[in-house]
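Student: I'm new to this one. Please walk me through it piece by piece.

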Amino acid sequence: MASDDQAGGEVKTFKSLGLCDELVEAVGKLNWESPTPIQVEAIPHALDGKDLIALAQTGSGKTAAFALPILQDWIDSSRPKIFACVLAPTRELAIQISEQFEALGYADGLKSAALVGGVDMVQQANMIGKRPHIIVATPGRLLDHVSNTKGFSLGSVKYLVLDEADRLLNEDFEKTLDDILKVIPRQRRTYLFSATMTKKVKKLQRACLRNPVKIEVASKYSTVDTLKQQYRFLPAVHKDCYLVYILTEKSQCTTMVFTRTCDATLLLASMLRNLGIRATPISGHMSQSKRLGALNMFKAGQCNVLICTDVASRGLDFPVDMVINYDIPSNSKDYIHRVGRTARAGRSGVAISLVNQYELEWYIQIEKLIGKKLPEFAAQEVEVLQFLERVTEAKRLATSKLKEKERGSRKRKGEGNEGEDDVVGKYLGHKDGKSRKFRKR
Ligand code: AMP
């Protein structure tokens, strides 16, 4: 990962940041040659005992920026019970952070436990029984264990980290987070890390920081230089055709396609599979084992196109060559997170946004946020529309398959007959290429 853009031109080493020999050896084993900018900025302050608010791009090495100082203190300590608690908004991100802690602390016998929803509570209680040093959790499940798992206490926690902090400080986590903060000692160090960060002082105050050092290694809401970003303005009815065209043109790439709804992930994945494209869906409506199964298939290369909602937009770290915004996010910050899935760790990547007539306003907001006008994705419309017939048929088949499935599950549940149009509408989300929201206008 590039790191020669450090202050004063002086190339820093992990050792020169003040890390101990054990950790210098651990990063060496991971073949990390030098610290990344966020690590250069954050680690010395953290080792100095300061609280941190760090704004770092996704893929910048931010996990290690908070994990290494915590591990250093843990190595120097008498290694008490639960030493640090890291909160993340999504299950996959929590699991990934936990794996990174274990990779860095492996030689020193560090145990980390990921406590996330959708996994058996008893199994997790057994993990807790093995006395982990680090807990990485999604807030809801952590609180479940605090309330229900005998002997589980966060009273020994010395470090609290909120990763993707702006999301965790949002209203949807407010009550859970406040309850967790009540059972974590106030005498602790607190790190907030995020690619985008709220400015609302009130929200930040909830994290109870003490004179935090603010670190910003990238300008706010920027995307990395190795990311090639493009857009294509197109009529809504041709969106599927453009998607298939791009995926066919770039069939060697690993691609994440972002949609707005869970139902759309199912429909698109099915349509693409009908066209011989190895696509799999992932969304918050799937069980945790199915979600992990889909991610593992993608990581193992069994499929090269992951169709996802924003559940997969934050923090996940695996090599992705291309991100396609099939639906333009209405919240521009989501764009930053989505495209941050590619061009990670110094690699290059492509992000293409398919913008229809109804999404233009949202797209303009995105360009404002990132502070640049993006070039257009070049494609001859006649070439793209050569796919039209096959795509229409593949979508028809996918739709009827999903309707069939829906009927089957309703029968099993013994529910009454929903009008056919409702079912199709639910799956399509974008019937006739228009979102429901716009059709209502
Ligand atoms: P993160 O931003 O924490 O998701 O990290 C992105 C990727 O960078 C992960 O795969 C890390 O393993 C990797 N990484 C973190 N620090 C370094 C480093 N100093 N040198 C090389 N790779 C790194």
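Student: Let's start with helix 2. What covers its buried residues?
Tutor: The cover includes strand 1 (52-55), helix 3, strand 6 (189-194) and strand 7. Helices (H or I, at least four residues) and strands (E, at least two) are DSSP runs, numbered from the N terminus. This is a predicted model, where local features need pLDDT of at least 70 and side-chain atom pairs count only at pLDDT 80 or more, while totals for chains, interfaces and linings use all residues. Residues are numbered from 1 along each chain as its sequence is written, and side-chain values use heavy atoms, with hydrogens and water left out.

Student: Which residues of helix 2 are buried?
Tutor: They are I38, Q39, V40, A42, I43 and A46. Buried means under 20% relative accessible area, exposed means over 50%, and partly exposed is in between (1.4 Å probe, protein chains only).

Student: And what follows helix 2?
Tutor: G49, whose phi is positive, near 90°.

Student: Back to helix 3. At what angle does helix 2 pack against it?
Tutor: About 25°, and the axes of helix 2 and helix 3 are 9 Å apart. That makes helix 2 roughly parallel to helix 3. Axes are lines fitted to C-alpha atoms, for helices over the stretch in contact, and angles run from 0 to 180 degrees between N-to-C directions. Angles under 35 degrees count as roughly parallel, over 145 as roughly antiparallel, 65 to 115 as roughly perpendicular, and the rest as oblique.

Student: Which residues make the contact of helix 2 with helix 3?
Tutor: From helix 2 there are I38, Q39, A42, I43, A46 and L47, and from helix 3 there are K62, A64, A65, L68, P69 and Q72. Contact means heavy atoms within 4.5 Å. By class, the residues of this contact divide into nine nonpolar, two polar and one charged. Ala, Val, Leu, Ile, Met, Phe, Trp, Tyr, Cys and Pro count as nonpolar, Asp, Glu, Lys and Arg as charged, and the others, Gly among them, as polar.

Student: Is the crossing of helix 2 and helix 3 left-handed or right-handed?
Tutor: Helix 2 and helix 3 cross right-handed. A crossing is left-handed if the near helix is turned anticlockwise from the far one by less than a right angle, and right-handed if clockwise.

Student: How does helix 1 sit against helix 3?
Tutor: Helix 1 (residues 21-29) packs on helix 3 (residues 62-76) at about 135°, with the axes 10 Å apart. That angle makes helix 1 oblique to helix 3. Helix 1 passes helix 3 in a right-handed crossing.

Student: Which residues meet there?
Tutor: E22, L23 and V27 of helix 1 meet L68, L71, Q72 and I75 of helix 3. This contact has five nonpolar, one polar and one charged residues.

Student: Then helix 4. What is its angle to helix 3?
Tutor: Helix 4 (residues 91-105) and helix 3 pack at about 45°, with their axes 10 Å apart. The two are therefore oblique to each other, and their crossing is right-handed. On the helix 3 side the contact is made by T63, A64, F66, A67, L68, I70 and L71, and on the helix 4 side by I97, Q100, F101, L104 and G105. Those residues divide into nine nonpolar, three polar and no charged.

Student: New topic, loops. Where is N31?
Tutor: In the loop between helix 1 and helix 2 (37-47). N31 has a phi near 65°, a positive value in a residue other than glycine. Its relative accessible area is 64%, so N31 is exposed.

Student: What about K250, where does that lie?
Tutor: K250 is in the loop between helix 10 (239-249) and strand 9 (255-258). With a relative accessible area of 28%, K250 is partly exposed. Leaving out residues up to four places away in sequence, K250 touches M322, I352 and F377.

Student: Last bit, the whole chain. How many helices and strands?
Tutor: The protein chain has 18 helices and 13 strands. Of its 441 residues, 55% are buried.
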